[in-house]
Every structure is written in structure tokens, then in C-alpha cells.
Amino acid sequence: MEALLLTAAFVSFILFLIPGRHRPYAGIAGWLSMSLFLFAEVPHYLSINNFLYPTMAALSIPFMYVTTKRLLAGDTNVQYLTRAAAVAVLVYLPFAYTPLGDWLIGVVTGEVGWLLNLVGVQFSMYDWNMFIRNGLRVEIILGCTGIQSVAIMLGVAAAVPTELRQKILAVLVVVPTIYILNLVRNVFVITAYTGQWFPYFPEIASNGEYGYESFFWAHNVLCELGALVALVIIAYALFALIPDLGRMAGGLYQAYRDDLTRVISRDR
């Protein structure tokens, strides 16, 4: 089901990028596919005590209401936002469905191993992409490569029309920064989990696996918060580089705030 929804999003967003009267409907279909994908992934994320993505799934309901309304009305800022999503999906999906994904996982695995050796953390390889230390294993999957964050921020950078210089600088701001921070994140999670740094509050952090609490606090809490802060900082850097992005963000905030406020006021 998840693969089908991602394929539907891919096709819909490609159609959105093609000029024509169909664009609002293609954009709506793309966003709806992504929203349904989030809901399809909720059981998995709840099973690993990750509450960020289930929260995003819940928030996608009011988001879909405003986005659908604004796309049908021809709102320029929401069209820019949809273009950002389209570019992000086009960047991400080749890594999700072609050998590029395994290639990237292999590259990240090798560089994480090099960094672990550099900081003196001893480990063994249980598999080509799986570290083992103190009897605890950590697998590097596509979600550990940072490609999702890279795709999202490249989509943001491509949301509004830009000059060639701005495009090049945006890529240089996004890709190396996220890639390096992601390597550090992986090293931290592996070291913290296999070293059992955070064995706290098992009543909320445990999933029944031995030592999972340290993984929960390192990966699901500290690194998720750190990633959010990093993405906000990168977004501000992009706003400074591409001023139209800041104006787009302001317009989006006002549009979504106004529409949701009207809905809430009407229900009272």
C-alpha cells in the first residue's frame, strides 16, 4: 500500500509540474497521496515509539482542507508550496525505488564506520549495513542517509523562481550541511544505543526490546529535535539567499492561519 501511495504521489506531482488546467487537481492528488501515506505508516512509527510522524499525519487533515481550497482558488503561494513538494518527491523516489538507495546506504555506512573508528568506538559489522557493539545491532537504512531532509530542503529551494547563482548556492547550503550532520547523528545514535547512555523511563521509552530506551531517547527524541532545529536554521539560510522564499512563507502562514481560524470560529 505504501509503495502504491508513493507512486501515486510521484505521478501526481509530475503532472502538477506540467502546465495545464489539470494542475490544481494533480496537486491535490499528490498531497492526498502523501497524507494517506503518513497514515499508512502510523502503526509502524507507533511500534517504535516515534510520535513525530503520527502527529504529522493528524495535522495533514486540516492541512489538506486549506491546501485543496487554495489550489482550486489559484493561490500562488500554495502553488509554490506544491512545487516544493513535487521537487522533493522527484529527488527522493529514485533513491527509494532504484539501486541508488542501496548505493547511498553503502556510502553512509562506510563513512559512519570511518567516523566511529576516528572517535575510538570499537564495533563489528554484523551485515553490510549493520553495526554491532556490546551485543546490540544498529542497521543503516535509507531513512538513516538524510536523503529525506535533503529532498525536502531542495524542494523548498526550488519552490520559487530563482537565478542560476541562487540555485547553485542553495544546493551547496543544503546538501553538504545535511549530509555531514546526518553522519554525526548516526555516530551519536550508534554510540549512545550500544553504550546504553539513556536507560531512562522504560514505561514510555521501551518497546520490549532490551536496551531500547537508549535508542528511543537518542534517535526518537534528541536527534529528531536536533534535526528540526537544523532544518529551521537551513531554511532561514535559504530565506536569506532567496528572499522570495521568506515572502512565500509569510503568505502561507497568513493563508493557513486565516482559513483555519475561520473554520474554528464557525464551529463555535
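Student: Before we start, what makes two rings of Phe, Tyr or Trp pair?
Tutor: Their centres must lie within 6.5 Å, taking the six-membered ring for Trp. Planes under 30 degrees apart count as stacked, over 60 as edge-to-face, and the rest as tilted. Keep in mind that this is a predicted model.

Student: Fine. How many aromatic pairs does the structure hold?
Tutor: Twelve. One of them joins Phe-123 and Phe-131.

Student: What's the geometry of Phe-123 and Phe-131?
Tutor: Edge-to-face. The centres are 5.2 Å apart, with 70 degrees between the planes.

Student: Are those two buried or exposed?
Tutor: Phe-131 is buried, at 2% relative accessibility. Phe-123 is partly exposed, at 22%.

Student: And Phe-188 with Phe-198, which class of pair is that?
Tutor: Tilted. The planes make 50 degrees, and the centres lie 6.2 Å apart.

Student: Which parts does that pair tie together?
Tutor: Phe-188 is in helix H7, residues 164-194. Phe-198 is in the loop between H7 and helix H8, residues 202-205. So the pair ties together parts ten residues apart in sequence.

Student: How accessible are Phe-188 and Phe-198?
Tutor: Phe-188 has a relative accessible area of 25%, so this residue is partly exposed. Phe-198 has 19% and counts as buried, because the cut-off is under 20%.

Student: Which residues do ring pairs link into a cluster?
Tutor: Phe-13, Trp-31, Phe-63 and Tyr-256.

Student: Switching to arginines. Which ring does the charged end of Arg-23 sit over?
Tutor: The ring of Phe-16, at 4.2 Å from its centre. Arg-137 lies over the face of Tyr-126, 4.4 Å from the ring centre.

Student: Where is Arg-257?
Tutor: In helix H10, residues 243-267. Arg-257 is partly exposed, at 39% relative accessibility.

Student: How far is Arg-257 from Val-66?
Tutor: Their C-alpha atoms are separated by 9.4 Å. Along the chain, the two are 191 residues apart.

Student: Back to H7. Where does Arg-185 come in, and is this residue buried or exposed?
Tutor: Arg-185 is in helix H7. The residue is buried, yet has no salt bridge.

Student: What's the nearest side chain of opposite charge to Arg-185?
Tutor: Glu-224, 6.1 Å away. A salt bridge needs a side-chain nitrogen of Lys or Arg within 4 Å of a carboxyl oxygen of Asp or Glu.

Student: So which residues does Arg-185 touch?
Tutor: Gly-143, Cys-144, His-219 and Cys-223. That leaves out residues up to four places away in sequence.

Key:
Residues numbered from 1 in each chain as written. Predicted model: local features only at pLDDT ≥ 70, side-chain atom pairs only at ≥ 80, totals over all residues. Heavy atoms only, no water. Buried < 20%, exposed > 50% of the residue type's maximum accessible area, 1.4 Å probe, protein only. Helix = DSSP H or I, 4+ residues; strand = E, 2+ residues; numbered from the N terminus. Lys NZ or Arg CZ within 6 Å of the ring centre and 35° of its normal. Lys, Arg positive; Asp, Glu negative; His and termini not counted. Contact = heavy atoms within 4.5 Å.
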